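Work through these exercises with the model open. Try each task before reading its solution.

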Amino acid sequence: MAASDLVLAMTGASGAAYGVRLLDVLLAAGRTVHLVISPAGREVILQELDRKIRLDQFRLADLAPSVANPANVQYHDYRDFRAGIASGSFLTAGMVICPCSMGTAAAIANGLSQNLIHRAADVHLKERRKLILVPRETPMHAVQLRNLAACAEVGAVVLPAMPALYTRPQSVDDMIDFIVGRICDQLGVEHHLLPRWGEENHGSHG
């Protein structure tokens, strides 16, 4: 256990590739990652990435076969409230839910610790630690917007999966890296995934 540990949860919104790429980048940066995947997240991973994983007998190679430092992944079953990340006494440097479903956002907004993902998010809010939600939903109705606003009001960072075009992405991977890079910025994890505004002839806001 160390204050540099990070929690990554993947839930049932579209955008599984964001979560897998983020896992790779965090591990390459030398971080220990506590990974939790919801049942709906598993289904999205199968649908979008054609990768079949088991939540009860999880194998990292089924999700991300070529990540750096695989020994730095600590997997937790979404039902395991005995996991360290369910307690505020377990120190972490932050948590990311990527992708974050609207159901997960609703549970967090209303303090419903129905599984380990909800509980760990609740812990990060109460301990005033970084919590980043990466929703991928469009359009959004008023209840969804209110739930995200409620999360933001109590300290969460709402970072929608909205890739920029000023970087002139040449591939889907470029667009994924933009969002993953922005998440890493929030976590204080060094990376070289995206050009900065004002660099490489992008000009400046002034």
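This is a predicted model.

**Exercise 1. Decide whether helix α5 is enclosed or open, and find what covers it.**

Step 1. Take residues 116-126 and pick out the buried ones. The cut-off for buried is under 20% relative accessible area. L116, I117, H118, A120, A121, V123, H124 and L125 pass.

Step 2. Of the 11 residues of α5, 8 are buried, so the helix is largely enclosed by the rest of the structure.

Step 3. Look for the cover. The elements over the buried residues include β1 (6-10), β2 (33-37), β4 (95-100), α4 (102-109) and β5 (131-135).

Step 4. Check both ends. At the start of α5, a side-chain oxygen of N115 comes to within 2.9 Å of the backbone nitrogen of I117. Just after α5, R128 has a positive phi of about 60 degrees.

**Exercise 2. Find the residues that touch the most other members of the largest nonpolar core, then follow the contacts of L23.**

Step 1. The core has 65 residues, and L23, L63, I97 and I183 touch the most other members. Helix α1 (residues 16-28) gives the most to this core, with 8 residues.

Step 2. Leave out residues up to four places away in sequence. L23 then touches L8, V33, L35, L60, L63, A64 and V73.

**Exercise 3. Classify the aromatic pairs F58–Y75 and Y166–W197.**

Step 1. The structure holds 3 aromatic pairs. For F58 and Y75, the centres are 4.2 Å apart and the planes at 15 degrees, so the pair is stacked.

Step 2. Compare burial. F58 is buried at 16% relative accessible area, whereas Y75 is partly exposed at 23%.

Step 3. For Y166 and W197, the centres are 4.8 Å apart and the planes at 85 degrees, so the pair is edge-to-face. Together with F178, Y166 and W197 form one aromatic cluster.

Methods
Residues are numbered from 1 along each chain as its sequence is written. This is a predicted model: local features need pLDDT of at least 70, side-chain atom pairs count only at pLDDT 80 or more; totals for chains, interfaces and linings use all residues. Side-chain values use heavy atoms; hydrogens and water are left out. A nonpolar core is a set of buried Ala, Val, Leu, Ile, Met, Phe, Trp, Tyr and Cys residues joined through side-chain atoms within 4.5 Å. Buried means under 20% relative accessible area, exposed over 50%, partly exposed in between (1.4 Å probe, protein chains only). Helices (H or I, at least four residues) and strands (E, at least two) are DSSP runs, numbered from the N terminus. Contact means heavy atoms within 4.5 Å. A polar contact is a pair of N or O atoms within 3.5 Å; within protein, one must be able to donate a hydrogen and the other to accept it, and residues adjacent in sequence count only if both atoms are side-chain atoms. Rings of Phe, Tyr and Trp (its six-membered ring) pair if their centres lie within 6.5 Å; planes under 30 degrees apart count as stacked, over 60 as edge-to-face and the rest as tilted.
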